[in-house]
Amino acid sequence: MNFGTLFPRLSVTAVLVVSLTACGQTGSNYRPIVDGPMGYTYEKDLGDCKALAEQRRLFNDETKMAALAGAAIGGVLGAVENDDGKNAAGNAVAGALAGGAIGAGGGALNAHGERKQIVMNCMRGRGHRVVG
């Protein structure tokens, strides 16, 4: 791995993580497609289910563990893939930062999917025929 090209990738990953953080309601804003009426009961139930889904934080314990694991793996790979033998510590830090950002982003994306699933399950539990 050439860490000279790592920093552009790291900045893209950081933008992804910051974007996910800014969209804290992501996943809980999902509006399921239902086979049936979408009147007052649908809207009330959807509001309640969205509130329930928001309880699943994007940066939860699983996301933190994914960030730590990514940082550890990235740090080791950065130190091992040291081409010039002179900057192992710098490469390890760069690898840890990149790995941590990627791990955190992946964990947040997973939580986003869980929020969507919570909304779908909740709406089904309230008697709506959710098809997607």
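Helix H2 carries the exposed residues Tyr40 and Thr41 on the face turned away from its buried side. Exposed means over 50% relative accessible area, buried means under 20%, and partly exposed lies in between (1.4 Å probe, protein chains only). The model is predicted, so local features need pLDDT of at least 70 and side-chain atom pairs count only at pLDDT 80 or more, while totals for chains, interfaces and linings use all residues. Residues are numbered from 1 along each chain as its sequence is written, and side-chain values use heavy atoms, with hydrogens and water left out.

The protein has 4 helices and 0 strands. Helices (H or I, at least four residues) and strands (E, at least two) are DSSP runs, numbered from the N terminus. The order of elements from the N terminus is α-α-α-α. The protein has 132 residues, of which 36% count as buried. Its exposed surface comes to about 7,500 Å², and carbon and sulfur atoms supply 64% of that area. These areas come from the Shrake-Rupley method with a 1.4 Å probe; for residues, only the protein chains shown count as cover. Among contacts (heavy atoms within 4.5 Å) with a separation of 6 or more, 78% join residues 24 or more positions apart.

Helix H2 covers residues 40-53, 14 residues in total. From first C-alpha to last, H2 reaches 20 Å, close to the 20 Å expected at 1.5 Å a residue. The expected span is 1.5 Å times one less than the number of residues. Tyr42, Asp45, Leu46, Cys49, Lys50 and Ala53 are the buried residues of H2. Viewed down the helix axis, they fall within an arc of 140 degrees, so they line one face of H2. The arc is taken from the directions from the helix axis to the C-beta atoms.

A disulfide is a pair of cysteine sulfur atoms within 2.5 Å. A search of the whole structure finds 1 such link. The link of Cys49 and Cys122 is left-handed, with -75 degrees about the S-S bond. Both cysteines, Cys49 and Cys122, are buried.

Cys49 and Cys122 also belong to the largest nonpolar core, which has 11 residues. A nonpolar core is a set of buried Ala, Val, Leu, Ile, Met, Phe, Trp, Tyr and Cys residues joined through side-chain atoms within 4.5 Å.

Helix H3 (residues 61-80) contains Ala67. Ala67 is buried, at a relative accessible area of 18%. Residues up to four places away in sequence aside, Ala67 touches Gly99, Gly100, Gly103 and Ala104. Its C-alpha atom is 9.3 Å from that of Leu97, 30 residues apart along the chain. Gly99 lies in H4. Gly99 is buried too, with 12% relative accessibility. Beyond its neighbours within four places in sequence, Gly99 is in contact with Ala67, Gly70 and Ala71. The C-alpha atoms of Gly99 and Ile73 are separated by 6.7 Å, with the two residues 26 apart along the chain.
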